Amino acid sequence: MAQNILQVSNINKSFGKKSVLRDVSLSVSQGESLGFIGPNGAGKTTLIRIILGLVRSDQGSVIINGHPLRGEFKKAIGNVGSVVETPRFYSYLSAYHNLQMTCNLHPQVKKEKIAEVLELVGLTARAGDKVGTYSLGMKQRLGLARALVSNPTLIFLDEPMNGMDPQGMIETRALILKLKERGISFFITSHLLSEVEQVCDHIAIIKTGQIITRGSMEQLLTRNFETVDIYTSETATVTSVLQNVSFVHQIKTGENRVTAEIDRKSSANLNRLLVERKIPVDYLVPNNTTLEQLFIELTGGGEDSDGSDKK
Amino acid sequence: MTGLIKNELLKLTHNRKTYGFMLALLMINVIPVLLTLLIGIRTMDGQSYPSTLYGVTVSWVLPLFLIAIIAEMITEEYSAGTLSLSLVHPVTRVQLITAKVIALLMLILAGLLYALLLGYGIGTLFFGWGSGFFMRGISYTTWEGIRITLVSYFASAVPLLSFSLLVMFLALIMSSGASVVGASAGLLLIFTILDLLAKEISPFLISSYFVVTHLVLSFNRQEISFALAFLLLHSLLFYLAAIVVLQKRDIVN
């Protein structure tokens, strides 16, 4: 089993009388990318701030790279990179100077690393420009560069695709996957669930300050049944044929379409049955569960009222 | 720690306020020259010029500049979310505060040096070097004059740093840069008025130590010891208070 890079145990946090996080536990192992998702105000950013030592938890512990945050803060945080919320910079300084400031806090990191990370995120040509002149997408890329300067083993990215154009999103996704291959672990929060689905291999969903589900993406998105959309002009015939079939559990009829919930790996049987009954079918479309569907199912969508990311 | 100090200095050297301060000081140096040229009576010379402007420089120009810089360094950085940038790296909050204090001391020393050189430069340029150093009706040799001027300027770094620590504490407990500037400038004004009106409480007002010429001239050991003890306690109190406030604070921006 891979070594845990991050271990968060039983974190509780209240701001005044408002309980923001309740008994939150999760872990990230080496090379894993955890998608940490939840409605607005669920407590995502607060948890990241606790893990980074910016906010103190009322209870619980955080261990990073084997070092407890309380007691061995410098060792724990030494190999962590982060972009929390919208990346913040000294707008009157150049991108290079902003990265140099991070570099200055890690004496073991050589200055050449700055040029390397700027190249990696495609900002070499604009390195000398003041960050105040950057677009949000460029700031996001610069934030990622800053997170990479310290040679991290774990990177926190809070809404990393926010403000990026489609090309930027593709490039960032590819970069994250490339870094993941090098063994860097990621802790990513995003409202773009399709991006999380493409980049992360594990997810944890938080609602009103509590983790309501966590596990591998594959495990959570795999169901005991499959959903298949049958596009046909003879919806009535299809419905009547499928009503008495053992592997079909549920049927919904729409205009020129029947949606059937069937046993896993039964789509071939369904196809065969429709052919045998000589029912004209235009398309058979398997309908996989997406992270978005799972998220809506588990959280009901919307915003949380009793958790809070904004104080 | 060295890295944190480098960062603070990098920010200060790229900050517009630093250049605004330099410009303001230049103008303050030029105004007496213009007035002299207008009136046509030459009463100053190059070697006395820095000490003529010493009072206004260390009592008002530098303190006000420091208030503006500290408000930005702490309160505005907190609200802009940049204060947290250093804290997510292997540095402690005590180190962050200490680095800011050291950077402020360096800034004060650089500011005093700049004011001193500007005074000598502009004074000599417009009035000539002069034959001797005059202060409070007493004539000193050139070398004595330079020593008095240098010691006075650089000794002011101690009370100015102590005042900076008070402002730093205010910056940590207040939520907006404007409030910090208003409160600190208000305090500075109140201290100055109290210093003028109630001499008996002067030894307990930080602003009464900004100008140290009388201590340099008299070299009264008792007075100097009291001043140093007061400044040390004042500095220690607000340095520790600033650390306690930052240690307890949740950084949510």
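In the predicted model, a network of salt bridges links B:Glu8, B:Lys11, B:Glu77 and B:Lys100. B:Glu8 is buried, as is B:Lys11.

The other two members of the network, B:Glu77 and B:Lys100, also take part in the packing of two helices of chain B. Helix α3 (residues 49–80) of chain B packs against helix α5 (residues 93–127) of chain B at an angle of about 145°, and the axes of the two helices lie 10 Å apart. The crossing of α3(B) past α5(B) is right-handed. On the side of α3(B), the contact is made by B:Tyr49, B:Pro50, B:Thr57, B:Val58, B:Leu62, B:Phe65, B:Leu66, B:Ile69, B:Ile70, B:Met73, B:Ile74 and B:Glu77. The residues contributed by α5(B) include B:Lys100, B:Leu104, B:Leu107, B:Ile108, B:Leu112, B:Gly119, B:Tyr120 and B:Phe127. By residue class, the contact of α3(B) with α5(B) comprises 19 nonpolar, three polar and two charged residues.

Over all chains, the structure holds eleven salt bridges. Side chains of opposite charge can pair when their charged atoms come close. Among the salt bridges of chain A is that between A:Lys113 and A:Glu116, whose closest N and O atoms are 3.3 Å apart. A:Lys113 and A:Glu116 both lie in helix α4 (residues 112–120) of chain A, with a spacing of three residues, about one turn of the helix. A:Lys113 has a relative accessible area of 15% and is therefore buried, whereas A:Glu116, with a relative accessible area of 45%, is partly exposed.

A further salt bridge of chain A joins the side chains of A:Glu195 and A:Arg173, with an N to O distance of 2.9 Å. Because A:Glu195 lies in helix α7 (residues 193–199) of chain A and A:Arg173 in helix α6 (residues 166–181) of chain A, the pair ties together parts that are 22 residues apart in sequence. Both A:Glu195 and A:Arg173 are buried.

At the level of domains, the assignment for chain A gives domain 1 (4–79 + 152–221) and domain 2 (225–288). The centres of domain 1 and domain 2 of chain A, taken over C-alpha atoms, are separated by 40 Å.

Methods:
Residues numbered from 1 in each chain as written. Chains lettered and ligands numbered in written order. Predicted model: local features only at pLDDT ≥ 70, side-chain atom pairs only at ≥ 80, totals over all residues. Heavy atoms only, no water. Axes fitted to C-alpha atoms, helices over the stretch in contact; angles between N-to-C directions. Helix = DSSP H or I, 4+ residues; strand = E, 2+ residues; numbered from the N terminus. Left-handed = near helix turned anticlockwise from the far one by under 90°. Contact = heavy atoms within 4.5 Å. Nonpolar A, V, L, I, M, F, W, Y, C, P; charged D, E, K, R; others polar. Domains from an automatic or database assignment. Salt bridge = Lys/Arg side-chain N within 4 Å of Asp/Glu carboxyl O. Buried < 20%, exposed > 50% of the residue type's maximum accessible area, 1.4 Å probe, protein only.
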